[in-house]
Amino acid sequence: MEPEDMDIEALMDPGSDTLTREQSYSLRNSLRDLLLVLLAALLLAGGSMFFVRASLVRGSSMEPTLLDGDCILVWMAGGQGPERGDLVAIRARDKEGKHLIKRVIAKGGDTVQIDFEGGLVFVNGQRLEEPYLTETTHLEGDVQFPVTVPPDCFFVLGDNRNHSQDSRSSTLGCVPRGDIEGRAFFRFAPLERFGPIE
């Protein structure tokens, strides 16, 4: 038997023609890394690909869901608007061209009430279950509650509720549909956080 044949056999389970579990895991990781590199190259080369745009998260307003430095993919808006719970990229109204990432809490016609003392958010009288939060909502803005969201607009909040400027502030307020660029759906870097955004 030639040395090369022995090496190949050594990689396989005894009596089997399949890769070992460790090799299969390593192969999956290598393929995932290759796919990641190709995806990043396409995004960097073209800026956007079809209906997808890459974005870099800056700041802590969406922790723990998104961290400063996360690289995410945004499915560009079109057709149906975002749903409650979606993470959306919001076009800035100033000249700097920055985008905000926030979570949709309510849609046009919904009424939002926040109990800042208890830290709870209610939509149409129903308390929101928010497993993505690590702190309840105590930071107030200059918006008076309850708020009824205007038609074709969205009420948005950051997941890091006490360190986020969002619809609680009149600076942003309820976001018109035209200012929503798309829905954040996938994180492609860093590698240890690679995968769909919950």
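Predicted model: local features only at pLDDT ≥ 70, side-chain atom pairs only at ≥ 80, totals over all residues.
Biologist: Which residue stands opposite Phe186 of β12?

Modeller: Leu73 does. Strands here are DSSP runs of E with at least two residues, helices are H or I runs of at least four, and both are numbered from the N terminus. Two strands pair if DSSP finds at least two bridges between them. In this case β3 and β12 (residues 180-189) are antiparallel, with six bridges. Leu73 is also the bridge partner of Ala54. Behind that, β2 and β3 (residues 71-76) run antiparallel, joined by five bridges.

Biologist: In what order do the strands of the open sheet come?

Modeller: The order is β8-β7-β6-β9, with antiparallel pairing. β8 (126-127) and β9 (147-148) are at the edges with a single partner strand each, so one side of each has no neighbour in the sheet. Further in, β6 (residues 111-115) and β7 (residues 120-123) share four bridges, and Asp115 faces Leu120 across that pair.

Biologist: Is Glu130 buried or exposed?

Modeller: Buried means under 20% relative accessible area, exposed over 50%, and partly exposed in between, using a 1.4 Å probe and protein chains only. Glu130 sits in the loop between β8 and β9, and its relative accessibility is 14%, so it counts as buried.

Biologist: Which side chains make polar contacts with Glu130's?

Modeller: A polar contact is a pair of N or O atoms within 3.5 Å; within protein, one must be able to donate a hydrogen and the other to accept it, and residues adjacent in sequence count only if both atoms are side-chain atoms. The Glu130 side chain has one with that of Tyr132 at 2.9 Å and one with that of Arg161 at 2.6 Å. Beyond neighbours within four places in sequence, Glu130 is in contact (heavy atoms within 4.5 Å) with Ile105, Val121 and Arg161.

Methods:
Residues numbered from 1 in each chain as written. Heavy atoms only, no water.
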